[in-house]
Amino acid sequence: MWRRRLLGSKEKEVFWIEGTTRRFKAVDTMLQSAVALLPLGAMHGLALFPRRAFNFTLRACEHPRYILQCTRWRQSPHSYNTTHTGIPLPERAWPMSHYLKLSLCLNITLLGFLLTGYVGPSVKTTFMPEVEAPVIGKHTRIHPLGIVIGSVTLGDRVFVAPAASVRGDEGRHIHIGNDSNVQDGVVVHGLETFEGDHELPENEVVVDEKAYSVYIGDRVSLAHQSQVHGPARVGNDTFVGMQALVFRAELGNRVVVEPGAKIIGVKIASGRYVPALSVVTTQDVADSLPLITDRYPYRNLNEGVVRVNVQLAEALQPQAIAR
């Protein structure tokens with residue numbers, strides 16, 4: 001279609017190229033303006049499309065006949081030499097436009113807001129009728145990228161790592177004991193424990209005659225990307241491995257949950273370990289879990305993890321390095 005239209009008189013050809021150039025410029029401006037307003041995830045998801053669209057339209061504005069003869073979108077204009085069109089190929093790529101620069105700046109700013117940590121109160125709802133704020137112990141450090149919200153109590157020397165989220169804005173009373181650590185990407189959350197004018201005891205665990213959404217004892221390690229979702233209880237000196245899940249479950253003292261294990265709706269006695277990638281959803285399976293013996297290779301793992309993270313908790317927050 002385009003080739004046929006280019007076969008007319010010289011005057012018509014020039015007029016049509018100029019009109020096409022103006023249309024390409026208008027489309028290019030709209031595309032780049034839209035990308036500037038896209039959120040970060042959408043910007044990254046469409047990263048290939050705008051770049052190719054911009055290159056196509058911008059090169060069309062510079063050399064219309066050259067680009068119009070590129071009949072395949074997937075074939076780069078650089079694959080054509082001057083013998084196809086008689087128009088010399090530009091030696092450098094078209095520079096990044098001001099709109100794309102603006103888009104990148106806005107998205108980087110949005111990324112900064114998304115990655116900024118938050119420590120603050122819950123909001124008033126039917127399941128959280130009273131606004132509650134976190135209670136933070138001595139020598140406890142929450143990384144600037146960590147999040148602690150609502151009805152949460154952190155003991156002494158607790159370290160909350162980057163991208164960790166401890167949300168007490170639905171289930172009330174999340175407790176994390178002394179010398180425990182909440183590592184990168186960990187989520188601690190609970191189902192609602194109150195609705196309207198009454199409590200929901202099925203979504204609570206009781207420790208020392210007090211109800212909690214989630215109770216995590218002393219010297220507990222919650223390793224990277226693990227999840228403890230209430231109602232749940234984790235006993236003292238317990239290690240919950242990377243990407244493990246504890247939901248509607250209770251773990252005793254000195255338990256080791258190896259990476260990737262899923263524990264749902266059961267109680268695990270003290271001194272047991274859960275093999276990696278295991279799925280424990282019945283009490284019979286929980287009761288048959290192996291004991292931790294002197295031959296178990298991870299029997300002292302938690303002690304080293306706690307020692308390291310206590311030092312991180314007691315350290316002063318370093319000054320950020322400006323870039």
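In which loop is glutamine 243 found? Select glutamine 243: this residue is found in the loop between β18 (239–240) and β19 (245–251). Strands (E, at least two residues) and helices (H or I, at least four) are DSSP runs, numbered from the N terminus.

Before continuing, note that this is a predicted model, in which local features need pLDDT of at least 70 and side-chain atom pairs count only at pLDDT 80 or more, while totals for chains, interfaces and linings use all residues. Residues are numbered from 1 along each chain as its sequence is written, and side-chain values use heavy atoms, with hydrogens and water left out.

**Stop 1: backbone features**

Remain at glutamine 243, where phi is near 60 degrees, a positive value in a residue other than glycine. With a relative accessible area of 48%, glutamine 243 is partly exposed. The term "buried" stands for under 20% relative accessible area, "exposed" for over 50%, and "partly exposed" for values in between (1.4 Å probe, protein chains only).

Next select arginine 254, which has its place in the loop between β19 and β20 (256–257). Phi of arginine 254 is near 55 degrees, again a positive value in a residue other than glycine.

Then select glycine 230 and proline 231. A cis peptide bond joins these two residues, with omega at about 10 degrees. Proline 231 belongs to strand β17 (residues 227–234).

**Stop 2: parallel strands**

Strands of a sheet pair through backbone hydrogen bonds, either parallel or antiparallel. Here two strands count as paired if DSSP finds at least two bridges between them.

Select the open sheet of seven strands, whose order is β3-β6-β9-β16-β18-β20-β23, with parallel pairing. At its edges stand β3 (141–142) and β23 (273–274); each has a single partner strand, so one side of each is left without a neighbour in the sheet. Follow β3 to strand β6 (residues 159–160): the two pair in the parallel sense over two bridges. Isoleucine 142 stands opposite valine 160 in β6.

Now display strand β1 (residues 118–120) and strand β4 (residues 147–150), which run parallel and are joined by three bridges. Valine 119 has valine 148 in β4 as its bridge partner. From β4, move to strand β7 (residues 165–168), which runs parallel to β4 and is joined to it by four bridges. Valine 148 stands opposite valine 166 in β7.

**Stop 3: salt bridges**

A salt bridge is a side-chain nitrogen of Lys or Arg within 4 Å of a carboxyl oxygen of Asp or Glu. By this rule the count comes to four.

Select arginine 172 and glutamate 132, whose side chains meet in a salt bridge (3.2 Å, N to O). This pair links distant parts of the chain, 40 residues apart: arginine 172 is in the loop between β7 and β8 (174–176), and glutamate 132 is in the loop between β1 and β2 (135–136). Arginine 172 is buried, at a relative accessible area of 16%, and glutamate 132 is buried, at 16%.

Select arginine 157 and aspartate 179, which form a salt bridge through their side chains (2.6 Å, N to O). Arginine 157 lies in the loop between β5 (152–154) and β6, and aspartate 179 in the loop between β8 and β9 (181–182), so the pair ties together parts that are 22 residues apart in sequence. Why does arginine 157 count as partly exposed? Arginine 157 counts as partly exposed because its relative accessibility is 24%. Aspartate 179, at 15%, counts as buried.

**Stop 4: an exposed aspartate**

Select aspartate 197, in the loop between β11 (194–195) and β12 (198–199). Is aspartate 197 buried or exposed? Aspartate 197 is exposed, with a relative accessible area of 71%.
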